[in-house]
Amino acid sequence: MSIGSHQIRNNAFLAPMAGITDRPFRQLAERFGAGLVVSEMIASAALGTGNHDMVRKLGKAGSLPHVVQLAGCEGEWMRRGAEIAHDAGADIIDINFGCPSKRVTNGYAGSALMRVPDQAMALIEAVVAATPLPVTVKMRLGWDDDSLNAADMARRAVDAGVQMITVHGRTRQQFYKGAARWELVRAVVEAVNVPVVVNGDITSTEKAREALSMSGAAAVMLGRGAQGQPWVVGQIGAELAGRAPEAVPDGVELIALIQEHYEEMMLEYGIRVGVRAARKHLDWYLDALGIVLEKPVRTALLNNEEPAQVLAMIGEVYSGEWKTAA
């Protein structure tokens, strides 16, 4: 499949996740074969006023098309955000109509825009007019079960110039509860003539194939399913294409990978912020790999603010050498 002039290498993508899909994480997902990776959600107004953290999120991870996701509720800031992203090297602009967070929806952004289609379309029009880059949209099924308007929103979005639609198979009011309803994404597929990507609860190739079959979508997008296993997106992409996937890192390779991820986060954020930002990833690696630690050891690993000590502990913990509580 393609987005604008960009040919996408396979049909498994890494979803944008605030505080998670930063440059180091996207870099790893790309290395292991993800078809596409998307930046963290970037608040357009904060980006437009030069907020350091939002500018940092614009950083490109590797050689894949650089997809920058913008969120906001005002056309002027979305236009300015798109211009800044373009100047910073973005290849594709994605617009967030899907985030369920109260902090975002209370500001009438994210999935709150599913309730105000005219305003949502005005944002799309502002971004499309601001840059020649392809524009995509990520949305939910609707605000709630009484307003499943994703198909209509998608149709209008495509008429306004959007070139790909991603749909998380839940409503905003579901947040992340219950099961994603992939079958409801089919209405969006049937409503538009651009690629549709299905998202939600996809954690394996088996589930990816089921989601594609039920939805009729062209590709899958993984979010929480990639936490602690950045290689899984590429594995699914390869298997969907009938190719052998990259081997899951193990032993010394796994330790080196986790240490590299940790060090990259120190470079990305600086040590003061980086040691805290890295904790969730270290925790997810433990959970994804089924490593159970005594509580004092887990606390010593996750709460340590000395990078050299954490790097040494990673070598011990993930090799199974850690025998006693810290």
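What is the volume of the second largest cavity? The second largest cavity has a volume of about 50 Å³. The structure on display is a predicted model, in which local features need pLDDT of at least 70, side-chain atom pairs count only at pLDDT 80 or more, and totals for chains, interfaces and linings use all residues. Residues are numbered from 1 along each chain as its sequence is written, and side-chain values use heavy atoms, with hydrogens and water left out.

**Stop 1: the cavities**

On a 1 Å grid over the protein atoms alone, a cavity is a set of points where a 1.4 Å probe fits but cannot get out. Lining residues have an atom within 4 Å of a point. Grid points are joined across faces, edges and corners, and a volume is the space filled by probe spheres set on the points.

Three cavities of 30 Å³ or more are present in the structure.

Next, select I3, P16, L36, V38, V67, I92, D94, T136, K138, M164, T166 and M221, the lining of the largest cavity. The volume of the largest cavity is about 60 Å³. Its lining comprises eight nonpolar, two polar and two charged residues. At least two lining residues come from each of β4 (36–43), β6 (92–97), β7 (135–140) and β8 (164–168). Strands (E, at least two residues) and helices (H or I, at least four) are DSSP runs, numbered from the N terminus.

**Stop 2: the pockets**

A pocket is an open set of grid points with protein on both sides within 12 Å along at least five of seven lines. The largest pocket has a volume of about 490 Å³. Of the 26 residues that line the largest pocket, select P16, M17, K138, H168 and Y176, which lie nearest its centre. The elements giving two or more residues to this lining are β7 and β10 (219–222). By class, the lining of the largest pocket has 12 nonpolar, 10 polar and four charged residues.

Now move to the second largest pocket, which holds about 280 Å³ of space. Its lining has 17 residues, of which A43, A71, R103, V104 and A109 lie nearest the centre. Two or more lining residues come from each of β4, α2 (44–48) and α5 (102–105). The largest share, three residues, belongs to β4.

**Stop 3: two residues with positive phi**

Most residues other than glycine have a negative phi. Select F175, in the loop between β8 and α8 (186–191). F175 is not a glycine, yet has a positive phi of about 50 degrees. F175 is partly exposed, with a relative accessible area of 25%; buried means under 20%, exposed over 50%, and partly exposed in between (1.4 Å probe, protein chains only).

Then select D201, in the loop between β9 (196–199) and α9 (205–215). D201 has a positive phi of about 65 degrees although it is not a glycine, and D201 is partly exposed at 26% relative accessible area.

**Stop 4: helix α14**

Finally, select α14 (residues 295–303), whose buried residues are V297, A300, L301 and L302. These buried residues pack against α13 (279–288) and α15 (307–317), where contact means heavy atoms within 4.5 Å.

How values were computed
Nonpolar A, V, L, I, M, F, W, Y, C, P; charged D, E, K, R; others polar.
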